[in-house]
Amino acid sequence: MIPDGGDMSGLLAQAQAMQAQLVAAQQELAEATVQGSAGGDMVTATVTGAGELVGLVIKPEAVDPEDTETLADLVLAAVRDANHQAQTLAATKLGPLAGGLGGGLGF
């Protein structure tokens with residue numbers, strides 16, 4: 001069923017506006033950064049809203065040459081935490097737009 005009494009141009013305009021909003025939100029995510037940490041902030045990872053790792057800070061006290069496995073675990077945990085933060089940000093930014101596409105266009 002086409003809203004507005006079958007006005008296809010209105011539906012097309014609505015779809016184009018939603019597409020523009022989606023592109024803007026994706027660009028905003030690509031430019032945003034979020035941080036995750038592990039070990040009481042001994043390791044901090046920074047990722048973009050799109051999930052790209054762009055920074056990693058390891059405090060000296062996290063480095064034990066006799067126990068590199070713990071350091072590796074802290075790095076993995078910090079990156080996972082940062083990615084979780086990025087996914088939450090993406091859901092916040094893109095969720096309303098995806099819902100609008102699903103409801104309005106029958107996807």
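Reader: Where does Ala38 sit?
Author: In strand 1, which covers residues 33-38. Keep in mind that this is a predicted model.

Reader: Buried or exposed?
Author: Ala38 is buried. Its relative accessible area is 9%, and the cut-off for buried is under 20%.

Reader: Which residues is Ala38 in contact with, leaving aside neighbours within four places in sequence?
Author: Val43, Leu74, Ala77 and Ala78.

Reader: And how far is Ala38 from Ala82, C-alpha to C-alpha?
Author: 9.8 Å. Along the chain, the two residues are 44 apart.

Reader: Step back a bit. How many helices and strands are there?
Author: The chain has 3 helices and 3 strands.

Reader: What pattern do they follow along the sequence?
Author: α-α-β-β-β-α.

Reader: What share of the chain is buried?
Author: 23% of the 107 residues. Ala38 is one of the buried residues. Thr46 also counts as buried, at 16% relative accessibility.

Reader: Where is Thr46?
Author: Thr46 lies in strand 2, residues 43-48.

Reader: What does Thr46 touch, beyond four places in sequence?
Author: Its contacts are Thr33, Val34 and Gln35, then Glu52, Leu53, Val54 and Gly55.

Reader: New topic. How many salt bridges does the structure hold?
Author: It holds 1 salt bridge. Lys93 forms it with Glu28. The closest N and O atoms are 2.4 Å apart.

Reader: Why would side chains pair like that?
Author: Opposite charges can pair when the charged atoms come close.

Reader: Which parts does the Lys93 and Glu28 pair tie together?
Author: Lys93 lies in helix 3 and Glu28 in helix 2, residues 8-31, so the bridge ties together parts that are 65 residues apart in sequence.

Reader: How accessible are the two partners, Lys93 and Glu28?
Author: Lys93 is partly exposed, with a relative accessible area of 32%. Glu28 counts as partly exposed too, at 39%.

Reader: Stay on helix 3. Is Pro96 buried or exposed?
Author: Pro96 is found in helix 3 and counts as exposed, at 58% relative accessibility.

Reader: How far is Pro96 from Leu22?
Author: Their C-alpha atoms are separated by 9.7 Å. Along the chain, Pro96 and Leu22 are 74 residues apart.

Reader: Which residues make a nonpolar surface patch?
Author: Leu56, Ile58 and Val63 make one of about 230 Å².

Reader: Where is Ile58, and is it buried, partly exposed or exposed?
Author: Ile58 is in strand 3. At 34% relative accessibility, Ile58 counts as partly exposed. A patch residue needs over 30%, so Ile58 passes that cut-off.

Reader: And charge? Which residues form the negative patch?
Author: Asp64, Glu66, Asp67, Glu69 and Asp73.

Reader: Where does Glu66 sit?
Author: In the loop between strand 3 (53-58) and helix 3 (68-105). Glu66 is exposed, with a relative accessible area of 75%.

Technical notes
Residues are numbered from 1 along each chain as its sequence is written. This is a predicted model: local features need pLDDT of at least 70, side-chain atom pairs count only at pLDDT 80 or more; totals for chains, interfaces and linings use all residues. Side-chain values use heavy atoms; hydrogens and water are left out. Patches are made of residues with over 30% relative accessible area and no salt bridge: like charges are joined within 9 Å, nonpolar side chains (Val, Leu, Ile, Met, Phe, Trp, Tyr) within 5 Å. Accessible areas come from the Shrake-Rupley method with a 1.4 Å probe; for residues, only the protein chains shown count as cover. A salt bridge is a side-chain nitrogen of Lys or Arg within 4 Å of a carboxyl oxygen of Asp or Glu. Lys and Arg count as positive and Asp and Glu as negative; His and the chain ends are not counted. The place of a charge is taken as NZ of Lys, CZ of Arg, CG of Asp or CD of Glu. Helices (H or I, at least four residues) and strands (E, at least two) are DSSP runs, numbered from the N terminus. Buried means under 20% relative accessible area, exposed over 50%, partly exposed in between (1.4 Å probe, protein chains only). Contact means heavy atoms within 4.5 Å.
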